[in-house]
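Subject: Structure for you to look through

Dear colleague,

Here is the structure I promised to pass on to you.

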Amino acid sequence: MKKNFLFVLLGIVAVLTSCNKEEVGGLATNKATSFNVSVDGGVQTRFTPVNDLKRFVMEVYKGSVATGTPVKHIEQATGKFTEVLLNDQQEYTVLFWADYGTSGTAVANNEYNASDLKAAQVAAGMQPTKAAYSGVKTFTVGTTPEADYTNVVLTHSVAQVNFIQTEALTAAENTLVVSYPESYSVNVGDNSVTKITGAITHTFSYKSTATGTLGTSYLIAAAKSPITVFEITATLNSETQKKVSNVPFQRNYRTFISGAYSSKYAANLTVTCDDVWERPDNNVVFPKIGDFCYKNKTFSSTYINDTKNPCIGIVFVVDNNGRTGKIVGLTEPGANWNGGTNAEGKLLVMQNEHKTNAQDPDNGVANMETIKALDTTLKDYPAFAWAESLNTPATVGINWYLPAKNELQQLCAAINGKKWVVSGAGEGEFSGWGEGHSIFDDNPARTAFNEKFKSIQEAAPISKALYWSSTERNHGSTLTYFLIVNLLSGYTDIGVSAPYRVRAISAF
């Protein structure tokens, strides 16, 4: 009887061994390995330990890269994968994923589709409300120390995007609709992303008039350069749509887009990436009038003394899109706008037949091109030549030029803290301010603007003087003048030949 019982036990062991081989996809039982999967609560997710994940996914591939069909795809509710049988001396690549979904590849309410970790993505029709995490381990069984691959630390597999309203709202029921032009899937094995054609829309409900976070998106994005950058649109309560260009989205980073989403406020949107998830920061700030502009086209409200990325100007115009505008240069020499003479030694400016036709009141770039077509060396136009000299050496995205008449008046408005209004006044006359203005007042805004220049070594504050514009004005039948602008008062006048001040500006 005892012999028969032992025989039966041996048979049971054989059956169980056979079952084990089937459960792990036919792998040999040379090595039983357990993987402990966790989310980093130290470097990447500082101060926010993650311990409430509900779905863990593992895919096992033979070889140094994850290709083809995995040896095994496992989904479960815990981060401990026990007794995974592997071939001794075999190289493996194992992909891991974790999120807040439910185990099972066909679960309808899962926010992420993790059925193939070589192309993990947001599930069709879903708007994720929480992050997802991923990681990869490549090793050779029996050669790589087990401690190097059995404890697996995951990091964010998504970018987080936060929409922050900085002004109080007028309604307690608010809806923000954000449109992204495209989306991506990620190959967990190498962190590469693949574009998914078609725009996606996220809709957020915000039940308050107070400032705060209107909504948060989670997006699959690239992990490193080139990072994911594109334009998004945001519409609050069916008001005027706001476009935000060149917004960076990067795996393991949080992006904040802050400002007034309501069109009832004339405010800019600011984009920053913080360091709560990952370092170093990706910082992209939407500029404000008075901000410092640096060589790499970043901005700051307080001066940063960085010899590798020096300050090159100060913002004085921000366009309605919040991302483009104009900066004014840091120095202002005195120069004639025209220093040439004809054969008789007379100033060319006195000869009507030598008029330049640089008559654009709004576009100094156009005027500069007109002058350069007349004199490619600009030797007869010292003010223009000085502005052009600032482009050597060139700075990518910056083109210095002598401002047109109206651009100088925009600068005057910024300096004086006023709103510039085109009132229909004729050339050579004061155009007008949007609020009361006196040329004799001690304007705190002007003082504050000039303090910006004082922060920068070798920069010169705006002086109380006349400045050459690049806009020509014909006067009578015998003389040609260029308009000059008083940056203290905003008044324009006409000049013939005098070393008035010159300031260069550039669009950004």
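I begin with Lys 372, which forms a salt bridge with Glu 388, their closest N and O atoms being 3.5 Å apart; a salt bridge here is a side-chain nitrogen of Lys or Arg within 4 Å of a carboxyl oxygen of Asp or Glu. Because Lys 372 lies in helix 2 and Glu 388 in helix 3 (residues 382–389), the pair ties together parts that are 16 residues apart in sequence. Helices (H or I, at least four residues) and strands (E, at least two) are DSSP runs, numbered from the N terminus. Lys 372 is partly exposed at 21% relative accessibility, and Glu 388 is partly exposed as well, at 25%, where buried means under 20% relative accessible area, exposed over 50%, and partly exposed in between (1.4 Å probe, protein chains only).

Please keep in mind that this is a predicted model, in which local features need pLDDT of at least 70 and side-chain atom pairs count only at pLDDT 80 or more, while totals for chains, interfaces and linings use all residues. Residues are numbered from 1 along each chain as its sequence is written, and side-chain values use heavy atoms, with hydrogens and water left out.

Staying with helix 2 (residues 364–374), you will find that Gly 364, Asn 367, Met 368 and Ile 371 are buried. They are on the same side of helix 2, because they cover an arc of only 100° around the axis, the arc being that of the directions from the helix axis to the C-beta atoms.

In the whole structure, the search finds 13 salt bridges. One of them joins the side chains of Lys 195 and Glu 182 (3.7 Å, N to O). Lys 195 lies in strand 13 and Glu 182 in the loop between strand 11 (174–180) and strand 12, so this pair ties together parts that are 13 residues apart in sequence. Glu 182 is buried, with a relative accessible area of 16%.

Within helix 5 (residues 444–454), Lys 454 and Glu 451 lie 3 residues apart, about one turn of the helix, and their side chains meet in a salt bridge (3.3 Å, N to O). Lys 454 is exposed at 54% relative accessible area, whereas Glu 451 is partly exposed at 38%.

Lastly, Arg 55, Glu 75 and Asp 99 are linked in a network of salt bridges.
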